[in-house]
Amino acid sequence: MAGSGARGAAFKAVGEVLESYLAESGLGESLARLGALDDWAETVGDRVSGVTRPVEVRGDTLVVEVLSSAWLTELSMMKGMILERLNAGRADAPIGDIRFRLAGRVE
C-alpha cells in the first residue's frame, strides 16, 4: 500500500529539505564561508595571491599560508582591509578573522 505510513504528509523538493537542514544545523554558514577560499585571489590581487595560499576555514577564521616572514608581517598589518574586501558580498556568513602562517612553499 503506497503511502500508508505517511498519511497527510506533503512531499517537498530535495533542495528545499536540504536548505532547511543546512539552516537549522548551522552548516549552511560553514559552507558559505568556504567560498572565501575561492574568492581569495580576486580579493587580494595577483601580487598577494602569488605569495599566499588560503588553506582552510576554521569556524569563522580563514587560514592563509604566506611565503615569507616579510609578507606575513605586511599582510598582518593589512588584515582589516582584506577582511573588509573579503566580506563585502558575504553578509550571511562573514569571515571574522584571518590567520596568516608561514609556509614552506606556496604553489
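Predicted model: local features only at pLDDT ≥ 70, side-chain atom pairs only at ≥ 80, totals over all residues.
1. R58 stands opposite T61 of strand β2. Strand β1, residues 52–58, runs antiparallel to β2, and 6 bridges join the two strands. The hairpin that they form has 2 residues between the strands, and G59 adopts a positive phi there, near 65 degrees.

2. T61 has a further counterpart: it stands opposite D97 in β3. Strands β2 and β3 pair in the parallel sense, over 6 bridges.

3. How many residues of β2 are buried? The count is 6 of 6, so the strand is largely enclosed by the rest of the structure. Both of its faces are covered: T61, V63 and E65 are buried on one side, and L62, V64 and V66 are buried on the other. For the protein, by comparison, 26% of the 107 residues count as buried.

4. A search of the whole structure finds 4 salt bridges. One of them joins R58 to E56, with the closest N and O atoms 2.9 Å apart. R58 is partly exposed, with a relative accessible area of 47%. E56 is also partly exposed, with a relative accessible area of 26%.

5. A second salt bridge links R101 with E65, the closest N and O atoms being 3.1 Å apart. R101 lies in strand β3 and E65 in strand β2, residues 61–66, so the pair ties together parts that are 36 residues apart in sequence. The two partners fall into separate accessibility classes. R101 counts as partly exposed because its relative accessibility is 24%, whereas E65 counts as buried because its relative accessibility is 13%, under the 20% limit.

6. The side chains of K79 and D97 also meet in a salt bridge, at 3.2 Å from N to O. K79 lies in helix α5 and D97 in strand β3, so this pair ties together parts that are 18 residues apart in sequence. Salt bridges that share partners also join R53, E65 and R101 into one network. As for the accessibility of the K79–D97 pair, K79 counts as partly exposed at 23% relative accessibility, and D97 is partly exposed with a relative accessible area of 30%.

7. Which residues of α5 are buried? They are I82, L83 and L86. These residues cover an arc of only 100 degrees around the axis, which puts them on the same side of α5. An α-helix has 3.6 residues a turn, so residues three or four places apart point the same way. The cover over the buried residues of α5 includes α3, β2, α4 (69–77) and β3.

8. Where does α3 bend? The bend is at T43 and amounts to about 70 degrees. T43 is itself among the buried residues of the helix, together with A36, W40, V44 and V48.

9. T43 can also be located relative to A88. The two residues are 45 positions apart in sequence and 9.7 Å apart in space, C-alpha to C-alpha. A88 is found in the loop between α5 (79–86) and β3 (97–102). Is A88 buried or exposed? A88 counts as exposed because its relative accessibility is 67%, over the 50% limit. T43, in contrast, is one of the buried residues of α3.

10. The overall arrangement may be stated last. The protein has 5 helices and 3 strands, which follow the pattern α-α-α-β-β-α-α-β along the sequence. Among contacts in the protein with a separation of 6 or more, 62% are accounted for by residues 24 or more positions apart.

Key
Residues numbered from 1 in each chain as written. Heavy atoms only, no water. Helix = DSSP H or I, 4+ residues; strand = E, 2+ residues; numbered from the N terminus. Buried < 20%, exposed > 50% of the residue type's maximum accessible area, 1.4 Å probe, protein only. Bend = angle between axes of the 7 residues up to and from the residue. Arc of directions from axis to C-beta. Contact = heavy atoms within 4.5 Å. Pairing = 2+ DSSP bridges.
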